[in-house]
Each structure stands twice: as C-alpha cells, then as structure tokens.
Amino acid sequence: MTKRLFSILAAALLCTVCAVAQDKPVIKVETTGVQLVFKVGDNGRLYQSYLGKPLTHDSDLHHLPRGIEAYLTHGMEDYFEPALHVEHSDHNSTCELKYQSHSVTTQADGAQHTVITLADDVYPTTVKMHFIAYKDQDIIVTNTEIINGEKKPVVLHKFASSLLNINRSRYFLTEYHGDWAAEVAMSETELNFGKKVLDTKLGSRASMFIPSFFQLSLDAPATENAGNVLVGTLAWTGNYQFTFEVDNNGVLRLLSGINPYFSEYTLKAGETFTTPDFIFTLSDSGRGKAARNFHNWARNYRLKDGKGTRMTLLNNWEATYFDFNEEKLAGLMGEAKKLGVDMFLLDDGWFGNKYPRSSDHQGLGDWDETKDKLPNKIGYLCKTAKEKGVKFGIWIEPEMVNPKSELYEKHPDWVIHLPNRKEYYFRNQLVLDLSNPKVQEHVFGVVDRILTENPEVAFFKWDCNSPITNIWSNYLKDKQTHLYIDYVRGLYKVLDRIKAKYPNVPMMLCSGGSGRIDYEALEYFTEFWPSDNTDPVERLYIQWGYSSVYPVKAQCAHVTTWNKESDIKFRVDVASMAKLGFDIKFSDMSKDDAEFCRNAVTNYNRMKPVILDGDQYRLVSPYEGRHASTMFVSEDKSKAVVFAFDVNPRYREHLLPVKLQGLDPNRQYKVKETNERGNNYWFNGRTYSGEYLMTVGLDLFSTRRGLTSHILELE
C-alpha cells in the first residue's frame, strides 16, 4: 500500500469517526458537584446516561450505559409516564424525537447554558431542552420549549418541564403539606414500584395545601449533614405536578411541570410553548448543604433584590383590624419610630366608599380611599410617616373582588365565575380573570395609581386569599382549558410592567400565608409571608420547613400576640431568625417588654447582615425533639449568630452539647449573648477556637420547663 493511499484511507477513517462523534455526541451539564450526562443512541434519540457526582475523566463517559430516553413521548414503545403528549392536527398523538443539535454558551451571569434540540422527522414538532448550570451553587435550572411547526394547531396534553431518571437502590421522598395556619408539615415515604404524585389544582393560591418543593433521599434516608439527596422545586405560580414513578427495573423517573389537569393547551401554527423552570440540586452531604445551595443561588440570581437589605416594620393589623382612622394610624407610626423599625405598614381596610371595607365581606376591588377613614388619602399617611421618621407601606389584594363591590357590579364579566350556576365564595370573594387583558390593565392600574399619586409609598403587601373557584372564563370562551395557565401568564405580564416601571419598590408575597411561594414569583417579590400562624412555637417548624429551599432573607416573621403564654423574648427571638417585623399593640405592653423590643430591634439591625446573607446551618431540628437550634455564619467566617430554643423539655432529659458548624477551625471566637433577659449562659463572654466549637460544642439547651430562648453572637 502506498503512503498516499494509506494517508487517504486514514483521513477517510478519521472523517468517519468524527462524523459518528458528531452524530452521537456525549453532552455534559455540570456544576462543581453535580453532573448530568446525555448520549445519542444508534436510533438518533436522546438518552440520559448519568446523574450524580461529576466524573472527572471524559473517557469514562463513553462507558456509561445508554439509560432511559431524556424526554419521553406518548405513544411510542415505553410504557411509563411521558413528558410530552402532543395531538397533531390529524389527531395522531405520537411523537418520536431525535437529536438535531446542541449548543453551550456562557451567560452574562457566568452560568453555563446548554440547549439540546430534538425534532420529529414525521411531524414538524421541535423540542428544545434548556439546562442552565450554576457552578458554585450546584444548581441546575431546566425547562423546555415545544414548537409547533405544523400549518394547523396542535393540542398539548402533557408538557413537562423536565424528566430526570435516577437509578439507585432505594428512594425516600420528603414532602411538605398542610393547610392555612398549619403549613409545611413534613413527612417521609419510601417509594416503591408505581407512582407517587404531588400536585395542586387550586389555581391562584396553588401552594396552600402543599408547597412546590420536595427532598428525595437516595439509597438511604438522608440526615441534615449526611447522605445523598436531590432537592427540587418548580418556578410556577399556579397548578403544578411532580410525578415520581419507579419502573419495573427499579429506576425512578421524576417528572415536573405544570399540572396537566384541565389544561390541554392549543398551540397555533408557528407558536412556541415554554414550560416553567424546574430547579434542582444534588447534595452528597445531606439536606443542609442542599438548602445552602438554594439559598446562595437565590440571593445571587433569582430573588428580587437578593443582595439588598430588608426593612423591619410595624404592621397595624392586630392593633386595629378594620377599625382605624388617620389619628390612630399616626399614633402607630409614632410607635414604629419609638420601636426603631424602618417602616409602618397599613394593612387591609383602607378602601371602598359605596361598600366601605369594614369587614372582609365587601369593598374588595374598589381601591379608592374610604372617605370617613382617610379623608386626606394615602398622601397624608406618607407625609405623616415621613414626619415621624419612618417609611410607609400599604396592603393590596388587586386580583380579587367581593361580590358586594362596585367593581363586581360594573364588570361581572371580569370575574371568574360560572354563568349558569350559583357562585361559591372562598373567604367571601372571587378571583378576577387575569387571562383578560382588560383585567390585567385594571390590576396594574391599582399599583400604578397608588405610586403615581404617592411616589413615597415604599412597600406593598400583595395578598391573594382565594383559590380559583367557579371555573369559567367569559374572556376565553371555547378555550376554557387555557384558564389555569393563562391566568398565571397574565399575572406575570402585570408584574413585569410593575417591575419595569417601579424596579426599586419591594413587595411582600402574602397570600394568606403559604398560598404562593415559588421562584418565579420571587423574581418580582423581595419576600414572602410563610403563614398567618405566628405562634412562635409553630413558627419554629414552619420557618425550618421553608428553609429547605428558601433563604430566611425571603421569609417574613412577625412578633404578635399569638401564644401569649410565651414571653416577648421568645417571640422576638424566633422572629429574629428571618426578616423581622411586628404586628402588635405596644400600648398594651408593659414598660419592660416595650424596652426589650426596642433593644431587640437594635440588636437585630447589628446581626442582620449575618442572618440574612450568611450561610444557614440547621443544628437541631424541632421535628426531632423538644429543642431547636439554627446558626448563621458570615461569608468570611468572621462572625456568626446562634439561636437556641427549649420547648417544654422533659424533666432530667439527657442533653448533649450542640456542635456548631461552618466556622473557621483556626480562628478564636468570642461568644456573647444578646437579647438577654436573665438566665444567661454560663459561658457568656468566653473565647473558644472554631475547632472546639465544632468538635466539642456548647451547652445550648436546658431542662427548664416552659419556653426559653437564647441568641449568641460570635466574633
């Protein structure tokens, strides 16, 4: 064989190998601690080969098994739950997706964005799978675009944001459930063959019974600091669904996305349907690391003003309920100043004239100030607050309406309700139809009018107290199955306009507590209200539960009169573990209690940077006994704040020192108690090495009956 012929054959062979490599690429999506690997099979379809700790040698990726199809479709040879079910214009419901191409780019924020394009070679249906990897936080955000290339509409019956295939020996699902004032009750279940579905059909207040996040322990139940755990959440402010299906081979298929219940969606020719983000992390060091991954990612990339501070406040609700006037409010603003908080917040009851808002039975939807309550309108309150030395915020619920209101009388066609059945009311109200552009304009106008007339309004508490009932849209007519989806999209259109025009106005996502909490809404809201239940003992559980996914910077915690058996110190200390606020009548307080609260606000402002922006370490869970402890450590490890609580401990209970976490073992830390009110720790004022504190620990708990609390500052 001549050298020339050999060279030609070698070049041809190399081209053939390159062509095969291009036709069947191995695609990696990875962070520092998580790797997701896809392969293209001989049939041209895309398969997920691996999900786990990164494999550092690329040569090993070729040894991985093919795995299960990455975006499973209805009607083909797999018999389990599909990610996509599309009905074509000829009513054929099958779809075979084959790999077309992929791209990897670096976003402006430094995250790596991978797009994998799949297409059906019989019908012009294209699917683009998006994966955004945040390296340092070990977070992967994934969603899907479904593109109708047909000349006629198609119907989407299922349209998952993601499908993950997990092959482990055992699976343990931790879910959170509850109801109004009883949120995030935690339970763990082992998953075996078959399906477990977590979903909601409540529409506007979708998370009321079950928030849209979970923890999935792999091989064995994870603890706070050990074990493999996948934590995921869906960024969608509406009906969602997680499906966990263990197949006949013991592989867990995890589907996430919008709940397809009553949501068949017609996609016109040329249109694209974009699914919401599914966000997940994988930790090999237990639940705590997974939670910190989410906290760090949220503050840096998703939470509105995630790097900014948060305002302490005094809310008037428990002091006045609906019974107030300008004089009363001015007095409360003076109390806010004496307390040392940043803002006074006016709650429900300030609007309506034909039907004044004197209870929750009327006036909702009529956003003009009630003349006999606020004759000088919001402007006077802003001016008075400024004179008192505090900012002014206000409550709104612009998506809702009372049947007894001028808005309902003028625009019954704007309301979601059945045209031929008796109306059902949840909390005496109905939901406005945000799929309707006119309603979107109205809702935006509520905020825009207040801020245009009163630019000094510094904060909105945005409530949403009713799920969607009486499910019928006068606007959508023959597209009723679009309502659940188009309602949420309409909400986002309103919030986009508010954010664009008023980018620096912070807002609380209230929803009667827990009704709306997700990472799409939190792009518009700086914080959320975890529960109307402000009993400090219950809040230990509620705040712990939500911290599995959400940073305390986003959690509002108010000191109220719930659980009067607890002293004011216990209530303040619990609320200081998040964004501190007060909803209490200070004129009813003793002089000592009022003075304690003033000092506590000063202390909180000093500790706030560590609590709100530090790494959270959940030391002792309230779910596991009669004690709880959480600590926060600054990024440079120079400071820390430790909270400890005893909740009616047992007599002569065997107690062990609590080992702290996250400190620098080589630094010396002075331990100083704050918010003191007697019964201080014996080690108050002493200095320890970080190594000692993390190896030996401190005696944080006691067997003293009742409710006791302590806060330590470490420097």
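Asn533 sits in the loop between β29 (527–528) and α10 (536–546), with helices (H or I, at least four residues) and strands (E, at least two) taken as DSSP runs numbered from the N terminus. This is a predicted model, where local features need pLDDT of at least 70, side-chain atom pairs count only at pLDDT 80 or more, and totals for chains, interfaces and linings use all residues. Residues are numbered from 1 along each chain as its sequence is written, and side-chain values use heavy atoms, leaving out hydrogens and water.

**Around Asn533**
- Asn533 is buried, at 6% relative accessible area (buried is under 20%, exposed over 50%, partly exposed in between, with a 1.4 Å probe and protein chains only).
- A polar atom of the Asn533 side chain lies 2.8 Å from the backbone oxygen of Ala181.
- Setting aside neighbours within four places in sequence, Asn533 touches Ala181, Glu538, Arg539, Ile542 and Trp562 (contact means heavy atoms within 4.5 Å).

**α10 against α11**
- The axes of α10 and helix α11 (residues 568–575) come within 9 Å and cross at roughly 15 degrees; axes are lines fitted to C-alpha atoms, for helices over the stretch in contact, with angles from 0 to 180 degrees between N-to-C directions.
- That makes α10 roughly parallel to α11 (angles under 35 degrees count as roughly parallel).
- On the α10 side, Pro536, Val537, Arg539, Leu540 and Gln543 make the contact, and α11 brings Phe570, Arg571 and Val574.

**Helix α3**
- Helix α3 (residues 286–302) has 17 residues and is mostly covered, with 13 of the 17 buried.

Definitions and conventions:
Polar contact = N/O pair within 3.5 Å; in protein donor to acceptor, adjacent residues only side chain to side chain. Expected span 1.5 Å × (residues − 1). Parallel < 35°, antiparallel > 145°, perpendicular 65-115°, else oblique.
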